[in-house]
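Thanks, everyone, for making time this morning. I would like to walk through some charged contacts and some helix packing, so please keep the model in view while I talk.

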Amino acid sequence: MSTPNIAKEEIINAFNFRHATKEFDATKTISDDDMKFILEAAHLSPSSFGFEPWHFIVVQDKELRELLKPVAWGAPLKLDTASHFVLGLSMKAPMVKHDSEYIMHMMKDVKQLPAEVIEMYSKFYREFQERDFDLDTDKKLFDWSAKQTYIALGNMMTAAALTGIDSCPIEGFHQEKAEALLKEKFGVDTDKYGLSFMTAFGYRKANPEFGKSRRNFDDIVTWK
């Protein structure tokens with residue numbers, strides 16, 4: 001596989017272009033090819049131990065979008081105007097605990113590791129959960145999964161910006177009510193998955209009123 005050769009200026013321009021788009025141009029639709037590219041960025045994203053503790057639902061059905069509005073106070077305008085709307089799900093404890101069937105499936109069937117490597121990997125992963133990060137509750141394990149899923153979110157938004165597509169990450173929702181809805185209307189097994197974020201993709205209706213504001217670079221980076 002060849003080494004990527006993207007100009008640094010193009011990447012920085014994409015980050016400057018990207019902003020949390022509050023309203024999209026509802027007349028414009030992302031092509032299937034471009035949306036697959038954005039989702040492939042999530043698919044290829046890194047995760048701790050490479051266990052990919054995520055799933056993404058692309059909500060295009062208008063009736064389902066309407067159902068999301070009452071449980072997602074930060075999303076109604078995006079649900080009405082975004083070309084594509086993505087729910088980011090993260091695995092809960094039964095899926096990502098060190099001795100789960102899913103973890104064994106990832107090592108044996110997806111990564112196709114030899115038996116001796118699986119034994120070693122399992123030991124490291126168990127020590128990581130029980131000793132290094134103290135992931136001893138269901139809540140902690142879900143939060144760990146959500147941290148991995150946010151890596152995919154960042155990559156999706158960057159991939160979108162690189163192709164001139166706008167996005168908006170959304171945490172403005174009631175998690176318990178949203179997950180109850182996902183279980184009832186979306187067929188999500190909420191014993192296995194929880195909702196981490198929503199994300200809208202499309203094309204901005206208007207340019208942002210203000211430029212990007214950030215702290216000074218030297219305030220966030222220390223060299224030692």
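In this predicted model, the side chains of Arg-131 and Glu-127 form a salt bridge, with nitrogen and oxygen 3.7 Å apart. The two residues are 4 positions apart in helix 7, which means that about one helical turn separates them. Arg-131 counts as exposed because its relative accessibility is 56%, whereas Glu-127, at 23%, counts as partly exposed.

Asp-166 and Arg-204 make another salt bridge, at 2.6 Å from N to O. Asp-166 belongs to strand 3 and Arg-204 to the loop between strand 4 and helix 10, so this pair ties together parts that are 38 residues apart in sequence. Both of these residues are buried. Returning to the residues I began with, salt bridges with shared partners join Lys-123, Glu-127, Arg-131 and Asp-132 into one network.

A further salt bridge, at 3.2 Å from N to O, brings together the side chains of Glu-23 and Lys-205, and this pair links distant parts of the chain, 182 residues apart. Glu-23 is partly exposed at 30% relative accessibility, while Lys-205, at 55%, is exposed. The count of salt bridges comes to 12.

Now, how do the helices pack? Helix 6 and helix 7 pack with their axes 11 Å apart, at an angle of about 140°, and they are therefore oblique to each other. Helix 2 and helix 8 have axes that come within 8 Å and cross at roughly 150°, so that these helices are roughly antiparallel to each other. The crossing of helix 6 and helix 7 is right-handed, and the crossing of helix 2 and helix 8 is right-handed too.

Methods
Residues are numbered from 1 along each chain as its sequence is written. This is a predicted model: local features need pLDDT of at least 70, side-chain atom pairs count only at pLDDT 80 or more; totals for chains, interfaces and linings use all residues. Side-chain values use heavy atoms; hydrogens and water are left out. Axes are lines fitted to C-alpha atoms, for helices over the stretch in contact, and angles run from 0 to 180 degrees between N-to-C directions. Angles under 35 degrees count as roughly parallel, over 145 as roughly antiparallel, 65 to 115 as roughly perpendicular and the rest as oblique. A crossing is left-handed if the near helix is turned anticlockwise from the far one by less than a right angle, and right-handed if clockwise. A salt bridge is a side-chain nitrogen of Lys or Arg within 4 Å of a carboxyl oxygen of Asp or Glu. Buried means under 20% relative accessible area, exposed over 50%, partly exposed in between (1.4 Å probe, protein chains only).
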